[in-house]
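Here are a few friendly notes to read beside the model. Take them one at a time, and keep the 3D view open as you go.

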Amino acid sequence: MLERDKARARAGTGWSSPDPLLLAYVLADRDKILQVYRIKPDLIREHFGTEQSVLSSGYRYRQVFEVVQNGADAILEAAEAAEGGGRILVRATETHLYVGNTGAPLNKDGIVALLGANSSRKGRNQIGRFGLGFKSLLALGGTIDLFSQSISMRFDPEACQRTIAEALQLPPGEMPPGLRMAEVVSFADEAEQDEHLAELGSWATTVLRAEIKAEGLGEQILQELKNFPREFVLFLPVEVSLELELGNGTSRTIHRVHDGDTVILCEGDNEERWLVAERDVPITDAMRKDAGALHGRKEIQEIPVIWATPLDSSEDSAGKFWAF
């Protein structure tokens, strides 16, 4: 049996039918969003504006950073359920961006965040915020598939815009949002046609596949992979192996090793010793008021402040200071 076929066979064993409750929610949400737009059509312009503001902000060119953050958050969620550390792999081909991780499968809160904005309920140590980073994938210009062992969904911005425009009979100049609807897809069917998806599905619990159609974005993603700061893993509250494939047969593998009070940051043969310190800071009422409703959620009683400084003296590390 070919290695490709073996990967597909392995992938098929861990991917069952979608969770019926999540399936029902996704299907019902398509009708509900149209009902909401009929009742309050001004929301169409607001939701389209939210997506455009993401693309015109710093999110437009941080697709790799955002999907790695989301993977790390899922791994943290799994670790909090006593499932250990995890793995994230990012791969860019000429046509797609793939990201596999071993974190917790997608749940209802995650779906709500993906289909909306400013609605994520991430915990105190989770890095990503409010589902906005996912919308940065709109810049790639194609469909976005999220395969999880709980449910697999396809976001097709053009189809979403067309459905809303036709259902609401929008005038030609009125642009609807592109990420407010999803359709359920089959991982097994898609993996049969995509060897990358099949390979990643043989070990990952969630795989993102985003089509790259926008001119120049493929090169931008490769630059993100090459320049991704390895210091990112210093601040993760769970052990993660981060693999970044650079598209030319080479890759970067980043992880950390604890050695007493210090942390060794490893990438290939390169090792750096860091001092990493953390302090939990209680959130006061004044801080909540200043942060606003979205940031100052009452269920979070304290937040970690983490900082790190390199212990190895070199020209490259002199003056470096990282914080989260």
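**Notes on contacts, salt bridges and a helix pair**

1. Let's start with Ser 152. Ser 152 touches Trp 15, Leu 146, Phe 147, Glu 183, Val 184, Val 185 and Phe 187, leaving aside residues up to four places away in sequence. Please keep in mind that this is a predicted model. Ser 152 sits in strand 4, which covers residues 152–155. Is Ser 152 buried or exposed? Its relative accessible area is 4%, and the cut-off for buried is under 20%, so Ser 152 counts as buried.

2. Next come the charged pairs. Side chains of opposite charge can pair when their charged atoms come close. How many salt bridges does a search of the whole structure find? The search gives 14. The next points look at some of them in turn.

3. Arg 91 is buried, with a relative accessible area of 7%. Glu 245, at 23% relative accessibility, is partly exposed. The reason for that label is the cut-off, because buried means under 20% and exposed means over 50%, with partly exposed in between.

4. Now look at Arg 209 and Asp 145. They form a salt bridge in which the closest N and O atoms are 2.7 Å apart. Arg 209 lies in strand 6 (residues 206–212) and Asp 145 in strand 3 (residues 141–148), so the pair ties together parts that are 64 residues apart in sequence. Both Arg 209 and Asp 145 are buried. Which residues are linked with them in a network of salt bridges? The network is made up of Asp 145, Arg 154, Glu 190, Asp 194 and Arg 209.

5. Another pair to find is Glu 267 and Arg 230, with side chains that meet in a salt bridge at 3.0 Å, N to O. Here too the pair links distant parts of the chain, 37 residues apart: Glu 267 is in strand 9 (residues 262–267), while Arg 230 is in the loop between helix 10 (217–227) and strand 7. Glu 267 counts as buried at 16% relative accessibility, and Arg 230 counts as buried at 19%.

6. Let's turn to two helices. The axes of helix 2 (residues 20–39) and helix 7 (residues 157–168) come within 11 Å and cross at roughly 45°. Helix 2 and helix 7 are therefore oblique to each other, and their crossing is right-handed. Where they meet, Leu 34, Tyr 37 and Arg 38 come from helix 2, and Ile 164, Ala 167 and Leu 168 come from helix 7. By class, this contact has five nonpolar, no polar and one charged residues.

7. Finally, stay with helix 2 and pick out Asp 29, which lies in that helix. Asp 29 counts as buried, at 15% relative accessibility. What does Asp 29 touch, not counting residues up to four places away in sequence? The answer is Leu 115 and Arg 180.

Terms used: Residues numbered from 1 in each chain as written. Predicted model: local features only at pLDDT ≥ 70, side-chain atom pairs only at ≥ 80, totals over all residues. Heavy atoms only, no water. Helix = DSSP H or I, 4+ residues; strand = E, 2+ residues; numbered from the N terminus. Buried < 20%, exposed > 50% of the residue type's maximum accessible area, 1.4 Å probe, protein only. Contact = heavy atoms within 4.5 Å. Salt bridge = Lys/Arg side-chain N within 4 Å of Asp/Glu carboxyl O. Axes fitted to C-alpha atoms, helices over the stretch in contact; angles between N-to-C directions. Parallel < 35°, antiparallel > 145°, perpendicular 65-115°, else oblique. Left-handed = near helix turned anticlockwise from the far one by under 90°. Nonpolar A, V, L, I, M, F, W, Y, C, P; charged D, E, K, R; others polar.
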